[in-house]
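Welcome, and thank you for taking a look at this protein with us. Please have the sequence and the 3D view open side by side as you read.

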Amino acid sequence: MSHASLPAELDQHGHPVSSDGVLTRQYLCLLVGQDTHVVSIEQVREILEVGRITPLPLTPPFVRGVMNLRGAVVPVIDLKARIGQEPAQIGRRSSVVIVTVGHGDSDGPLVVGLLVDGVSEVLEVTEDDIEPVPPLGTPMPREFLLGMAKAKGTILSVLDLERVLARETLTTLIAEYAHH
């Protein structure tokens, strides 16, 4: 990406603003099955090739296990299974996207690896190009979506990682699964 395409101004939070004053954010495109979803680049720490994932007993199918990230144990969540689809098959384009959520949690931020079928690019999307979630026809539960982004001639689901990876919800789902 050339520097000429970057907006020159930033708002008070350090987010890029276009010349007409519209807030622009960057989103990472995640391939999940046949669909492409986007997440705010601000939540992404790094993108890794799928390495060794140690399975955990008594966990639901969306919990792929844990991985060692430079000495820290990080849970790996299969995003495809978490949004209600069949678990992902690991292929040559599969990636683990390390994200941070829950900055407001009393236990501190949660670092999670998201297993996805691939990552494609970073898109710049203006606030004006994000529409509310429609009542019908979404590729996953509506509560997992922040909106629908119009970009590159298509409409992409903007994932609400704070809800998809909510610590209390995940803890409850794992406990319920273990007791079955």
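Predicted model: local features only at pLDDT ≥ 70, side-chain atom pairs only at ≥ 80, totals over all residues.

Residues are numbered from 1 along each chain as its sequence is written, and side-chain values use heavy atoms, with hydrogens and water left out.

**Overall make-up**

- The protein has three helices and 13 strands; helices (H or I, at least four residues) and strands (E, at least two) are DSSP runs, numbered from the N terminus.
- Of the 180 residues in the protein, 42% are buried; buried means under 20% relative accessible area, exposed means over 50%, and partly exposed lies in between (1.4 Å probe, protein chains only).
- Among the contacts in the protein with a separation of 6 or more, 53% are between residues 24 or more positions apart, where contact means heavy atoms within 4.5 Å.

**The six-stranded sheet**

- An open sheet of six strands runs in the order β10-β3-β4-β13-β12-β11, with mixed pairing; two strands pair if DSSP finds at least two bridges between them.
- Its edge strands are β10 (118-126) and β11 (130-131), each of which pairs on one side only.
- Strand β3 (residues 24-32) runs antiparallel to β10, and seven bridges join the two.
- Along this pairing, R25 faces V125 in β10, and Q26 stands opposite E124 in β10.
- β3 also pairs with strand β4 (residues 35-40) in the antiparallel sense, over six bridges, and L28 has V39 in β4 as its bridge partner.
- β3 and β4 make a hairpin with two residues between them, and G33 in the turn has a positive phi of about 65°.
- Seven of the nine residues of β3 are buried, so this strand is mostly covered.
- As a general point, side chains in a regular strand alternate between the two faces of the sheet.

**The pockets**

- The largest pocket has a volume of about 230 Å³. On a 1 Å grid over the protein atoms alone, a cavity is a set of points where a 1.4 Å probe fits but cannot get out, whereas a pocket is an open set with protein on both sides within 12 Å along at least five of seven lines; lining residues have an atom within 4 Å of a point. Grid points are joined across faces, edges and corners, and a volume is the space filled by probe spheres set on the points.
- Thirteen residues line the largest pocket, and R25, Y27, S40, L146 and V158 lie nearest its centre.
- At least two lining residues of the largest pocket come from each of β3, β13 (154-159) and α2 (161-164).
- The lining of the largest pocket has six nonpolar, two polar and five charged residues; Ala, Val, Leu, Ile, Met, Phe, Trp, Tyr, Cys and Pro count as nonpolar, Asp, Glu, Lys and Arg as charged, and the others, Gly among them, as polar.
- The second largest pocket has a volume of about 180 Å³, and its lining includes L56, V63, P75, L110 and R167.
- Eight nonpolar, three polar and one charged residue make up the lining of the second largest pocket.

**Salt bridges**

- The structure holds six salt bridges, a salt bridge being a side-chain nitrogen of Lys or Arg within 4 Å of a carboxyl oxygen of Asp or Glu.
- D78 and R64 meet through their side chains in one of them (2.7 Å, N to O); D78 is in strand β7 and R64 in strand β6, 14 residues apart.
- D78 is buried at 0% relative accessible area, whereas R64 is partly exposed at 23%.
- K152 forms a salt bridge with E121, their closest N and O atoms being 3.2 Å apart; K152 sits in the loop between β12 (145-151) and β13, and E121 in strand β10, 31 residues apart.
- K152 is exposed, with a relative accessible area of 63%, and E121 is partly exposed, at 31%.
- The side chains of K150 and E131 also meet in a salt bridge (3.1 Å, N to O); because K150 lies in strand β12 and E131 in strand β11, the pair ties together parts that are 19 residues apart in sequence.
- K150 is partly exposed at 37% relative accessibility, and E131 is partly exposed with a relative accessible area of 35%.
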